[in-house]
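Hi everyone, thanks for coming. Have a look at the structure on the screen, and I'll talk you through a few parts of it.

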Amino acid sequence: MGNYSAVTEFFLVGLSQYPELQLSLFMFCLIMYLIILLGNSLLIIINILDSHLHTSMYFFLGNLSFLDMCYTSSFIPPMLIIFRSERKSISFTGCALQMVVSLGLGCTECALLAVKAYDRYMAICNPLRYPIIINRILCVHMAAWSWIIGCVNSLVQTVLTMMLPFCGNNVIDHLTCELLAVLKLICSDIFINVLILTVGSIVLVIPLLLIFISYVFILSTILRANSTEGRKKAFSTCSAHLAVVILFYGSALFMYMKPKSKDTKVSDEIIGLSYGVVTPMLNPIIYSLRNKEVKEAVKKVMSRRLYSWKT
């Protein structure tokens with residue numbers, strides 16, 4: 001059993017059966033990565049420069065933007081290298097680091113989306129108490145605990161996974177060192193694998209449950225509102241967050257809750273790629289297009305900069 005675990009490197013062979021697509025995938029991921037960095041950096045800068053956006057909602061949005069930049073930076077640059085390399089390998093330590101960082105940031109995003117849903121619940125259902133309860137200190141605490149929970153969970157799952165014996169096979173049928181793909185190489189009691197996946201599923205489901213409960217209360221409050229204008233404003237503040245939740249959890253639940261098989265299908269790899277690349281790219285677009293305050297802040301900051309350049 002000890003000999004099986006003596007793995008020094010892994011080979012990432014996801015989509016390698018299509019060599020003609022390697023250049024196209026490289027260009028696609030590179031362009032998406034640049035858009036992610038540009039879009040999320042712009043949101044963070046706007047949040048900092050415009051004093052009107054110094055609220056809890058935009059504080060959490062800034063956290064999500066920073067998280068998306070870190071999350072994609074944990075795996076897209078190595079993936080770009082692999083697309084253009086003939087030897088598609090990654091060291092054992094590199095694989096573990098990539099897993100703990102990307103998994104930790106993914107879990108943190110689950111928690112932050114739940115925190116953001118709670119923030120919207122308080123703003124819509126308890127507007128008078130909202131500024132008192134959701135103060136700066138509480139926002140920092142909720143954001144900090146989201147990061148801590150995500151990092152601790154990923155550390156536990158990664159350590160449990162990488163300590164298990166491998167079946168003399170170091171070929172990962174995936175584009176990255178993704179948890180489910182690495183677990184397929186493990187040869188030990190299936191109970192450990194089930195335990196690891198259960199922990200991961202709980203981290204996905206509990207925030208989703210909290211989001212669902214928050215939106216049940218939000219929806220009931222909106223429907224009871226007398227003012228049509230008030231309903232529209234409440235819906236507009238929630239629609240962007242709800243769209244991101246559906247996008248994020250739709251692909252995540254497909255990846256982690258579907259029936260498992262030994263062989264990775266091409267469709268699974270495409271879903272995994274869209275989960276890791278397309279979703280973070282769309283987040284700043286959704287938040288900016290569906291939010292009048294962000295659009296106004298962008299116009300204000302841009303006009304201010306143009307005016308200063310002219311003078």
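Predicted model: local features only at pLDDT ≥ 70, side-chain atom pairs only at ≥ 80, totals over all residues.

Let's start with a crossing: helix 1 and helix 2 cross in a left-handed way. Left-handed here says that the near helix is turned anticlockwise from the far one by less than a right angle, and clockwise would be right-handed.

Residues are numbered from 1 along each chain as its sequence is written, and side-chain values use heavy atoms, with hydrogens and water left out.

Back to our pair. Helix 1 covers residues 22–49 and helix 2 covers residues 56–73; they pack at about 155 degrees with axes 9 Å apart. The axes are lines fitted to C-alpha atoms, for helices over the stretch in contact, and the angles run from 0 to 180 degrees between N-to-C directions. That angle makes helix 1 roughly antiparallel to helix 2; the cut-offs are under 35 degrees for roughly parallel, over 145 for roughly antiparallel, 65 to 115 for roughly perpendicular, and oblique for the rest.

Who makes the contact? On helix 1 the residues include Tyr33, Ile36 and Leu37, and on helix 2 they include Tyr58, Leu61 and Gly62. Contact means heavy atoms within 4.5 Å. By class, the residues of this contact are 9 nonpolar, 7 polar and 1 charged. For those classes, Ala, Val, Leu, Ile, Met, Phe, Trp, Tyr, Cys and Pro are nonpolar, Asp, Glu, Lys and Arg are charged, and the others, Gly among them, are polar.

Helix 1 has another partner, helix 3 (residues 76–83), at about 160 degrees and with the axes 9 Å apart. Helix 1 is therefore roughly antiparallel to helix 3. Among the contact residues are Leu25, Phe26 and Cys29 of helix 1, and Met79, Leu80 and Phe83 of helix 3. This contact has 11 nonpolar residues, 1 polar and no charged ones. The crossing of helix 1 with helix 3 is left-handed.

Now some single residues. A polar atom of the Asn63 side chain sits 3.0 Å from the backbone oxygen of Phe59. Leaving aside neighbours within four places in sequence, Asn63 touches Leu112, Ala143 and Trp147.

Asp119 belongs to helix 4 (residues 92–125) and is buried, at 0% relative accessibility. Which side chain does the Asp119 side chain make a polar contact with? That partner is Tyr130, at 2.8 Å. A polar contact is a pair of N or O atoms within 3.5 Å; within protein, one must be able to donate a hydrogen and the other to accept it, and residues adjacent in sequence count only if both atoms are side-chain atoms.

To finish, the protein chain as a whole has 11 helices and 3 strands, and 46% of its 311 residues are buried. Thanks, everyone!

Technical notes
Helix = DSSP H or I, 4+ residues; strand = E, 2+ residues; numbered from the N terminus. Buried < 20%, exposed > 50% of the residue type's maximum accessible area, 1.4 Å probe, protein only.
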